[in-house]
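Subject: Handover of a structure

Hello,

I am passing this structure on to you, with notes on what was found in it. Please look through the sequence and the model below before reading on.

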Amino acid sequence: MSLPVDPALVAAAAALGADEARARHAAIAAEIRAANHSYYVDDNPTLSDAAYDALFRELVALEAAFPALTTPESPTQRVGTGATPDESSPFAEVRHERPMLSLGNAFGEDELRAFDARVRRGLSLPPAPEAAPELRYVAELKIDGLAISLRYRDGRLARGATRGDGTTGEDVTANLRTIVAIPDRLAEPATIEARGEVFMPKAEFARINAEREEAGLALYANPRNSGAGSLRQIDPAVTAGRRLSFWAYQLHEEPLPGAAPVADQSGALARLAALGFPVNPNHRAGLDIDGVIAFLEEWRERRHGLEYETDGVVVKVDRFDQQARLGMVARAPRWAIAYKFPPEQVETILEDIVPYVGRTGTLTPVAHLRPAKVAGSTVARATLHNLDEVRRKDLRIGDHVVLQKAGDVIPEVVRPLPERRTGAERIFEMPERCPVCATPIVRDEGAVRHYCPNPACPARVAQEYAHFAGRGGMDIEGAGWAVLEQLLQRGMVRSRGDFFRLGVTDLESLDRFARRSAENLAAAIERARCRPLARILNALGIPQVGEQTAIDVSTWLAGRV
């Protein structure tokens, strides 16, 4: 058996010439590798899940039509889609004793039934479910988090590691110990490996983004990447402050002499719970494929009421002996598949497109939408990224548009509905001058970026100071957007160093500030004097130096002292 392929995509690929197919394959593979790096290493996704999956499926189809394109370096042959830790990583490498596999995807009932048919053929079972009651599945909600491996010796946590590329991950034991949901000691002195998903609850994601919005900082894209970035902090105290959580879903255990081994996935989940791990209660065992489909239909809407993000259902053959017979392909097990919920889409109106000036001067067009409820929340804004994206989608002010949340998290304008146009719609143009300071806008040659080159632009300055004082920088608690605006307008802060010249008397003069508020902010400023070098570097807002680069630079400098 091989990776599932879409016959229509294979037919389209086969119609290409060999040279065209080779060029297309190289382009897609490069885009997937770049997206993997952005997603797993930078914790900053550049593609929606749907866009990524579409590219991957096309790559599989190209290789099915032109087998010579399948090489060990192809993304389809990778065990995982993460990135191997490199020399610049502050975390030690961990070699997994067993590969941490990725899963193939299914996007509809037909593809789930095709998976069931492949399983039955692989086990030499009759095609009809009622004729083979010995084949049963476990259905588990798919948590959109960061896969980790936990090693316990004699019941005590010995090591925790990220998946990385599936073969080699990073040792993040110290940070994992700060997650309350992960037991430091098991209910019995077992020696095991448990695997599961670290995730950021919706409420915590909303709290962090609210703080960033108040500080004028760019919002995090989704809980998954926020959680991944939180777990890869050098300072475990930062991870502890992010209130991450965990679900366990896989167990490897050598049974004691005379003890019966766990025989199936449903038994493994029960064993994990007995050992003290949190196991997601929203799973179901003993299912045939019809039961699996009923389970995912049940959760298609119910998932929006959960406290964590789930973007699908993982389906696993229950019995371990059947899993062993089915085996795996290079990238994924043959005995499991991930069903992805289709993004919920609604129609609304694109009332305006407004360019916002960021900290580096970049102008980002933002869609102002007639508020619409999608995937459990009301959406009125969505970034359009850049002018090229607006043109590519042919979006016009006044258009009826299709709106969704990519991965059920990120608001995304999918496409316009040109058949609904009346002729009153307007084409959006980037302004020739900065909407804040009126400086002529510059577009980088050969790039999509429009930006205000004026370093004194009030919008740039305000956001630079917000970045400096924010949680990812000097973390001056209480220096929110309203406070910063007053400090800047009154000329009390003209350079970053001016923050540290402010006293209680200065702060007490601010609007709506009493003595206690001034004392609290002064104390927060004083605490900020002792931030580590990585935080200071990030706070300075140096171009191309983000949070992880700042950590890498400070680690490198520390090694040379």
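Strands β3 and β10 pair in the antiparallel sense, over 7 bridges. Within this pairing, Leu-141 stands opposite Val-313 in β10. Please keep in mind that the model is a predicted one.

The two strands belong to an open sheet of 5 strands with mixed pairing, in the order β2-β11-β10-β3-β9. At its edges stand β2 (105-106) and β9, each with a single partner strand, so one side of each has no neighbour in the sheet. In general, strands of a sheet pair through backbone hydrogen bonds, and the sense may be parallel or antiparallel.

Two helices meet this sheet. Helix α9 packs on the sheet and touches β3, β9 and β10; the direction of α9 makes about 55 degrees with that of β3. Helix α10 lies across β3, β9, β10 and β11, and runs at about 160 degrees to β9.

Next, the nonpolar cores. The largest has 32 residues. Those with the most contacts inside it are Leu-112, Val-119, Tyr-137, Val-292, Val-313 and Val-315. Two or more residues of this core come from each of α4 (109-122), β3 (137-143), α10 (289-302), β10 (310-317) and β11 (336-340). Of these, α10 gives the most, with 6 residues. What does Val-292 contact, if its neighbours within four places in sequence are left aside? The partners are Leu-112, Tyr-137, Leu-287 and Val-315. Another core, of 31 residues, lies apart from the largest one; Leu-186, Phe-246, Ala-248 and Leu-269 are among its residues.

On aromatic residues, a search of the whole structure finds 10 aromatic pairs. One of them is formed by Tyr-152 and Phe-277; this pair is edge-to-face, with 5.4 Å centre to centre and 85 degrees between the planes. Tyr-152 lies in strand β4 (residues 146-153) and Phe-277 in the loop between α9 and β9 (283-287), so the pair ties together parts that are 125 residues apart in sequence. Both Tyr-152 and Phe-277 are buried.

Phe-295 and Trp-299 form a tilted pair, 6.5 Å centre to centre and with 50 degrees between the planes. Both lie in helix α10, where 4 residues, about one turn of the helix, separate Phe-295 from Trp-299. Phe-295 and Trp-299 are buried as well. The charged end of Arg-302 sits over the ring of Trp-299, at 4.0 Å from its centre.

There is also an aromatic cluster, made up of Tyr-465, Phe-468, Phe-499 and Phe-500. Here the charged end of Arg-496 sits over the ring of Tyr-465, 5.9 Å from the ring centre.

Is Val-262 buried, partly exposed or exposed? Its relative accessibility is 31%, and therefore Val-262 counts as partly exposed. Not counting residues up to four places away in sequence, Val-262 touches Gly-267, Ala-268, Arg-271 and Phe-320. Arg-527 is 265 residues from Val-262 along the chain, and the C-alpha atoms of the two are separated by 52 Å.

Regards

Technical notes
Residues numbered from 1 in each chain as written. Predicted model: local features only at pLDDT ≥ 70, side-chain atom pairs only at ≥ 80, totals over all residues. Heavy atoms only, no water. Core = buried A, V, L, I, M, F, W, Y, C linked by side-chain atoms within 4.5 Å. Buried < 20%, exposed > 50% of the residue type's maximum accessible area, 1.4 Å probe, protein only. Contact = heavy atoms within 4.5 Å. Phe/Tyr/Trp six-rings, centres within 6.5 Å; stacked < 30°, edge-to-face > 60°. Lys NZ or Arg CZ within 6 Å of the ring centre and 35° of its normal. Pairing = 2+ DSSP bridges. Axes fitted to C-alpha atoms, helices over the stretch in contact; angles between N-to-C directions.
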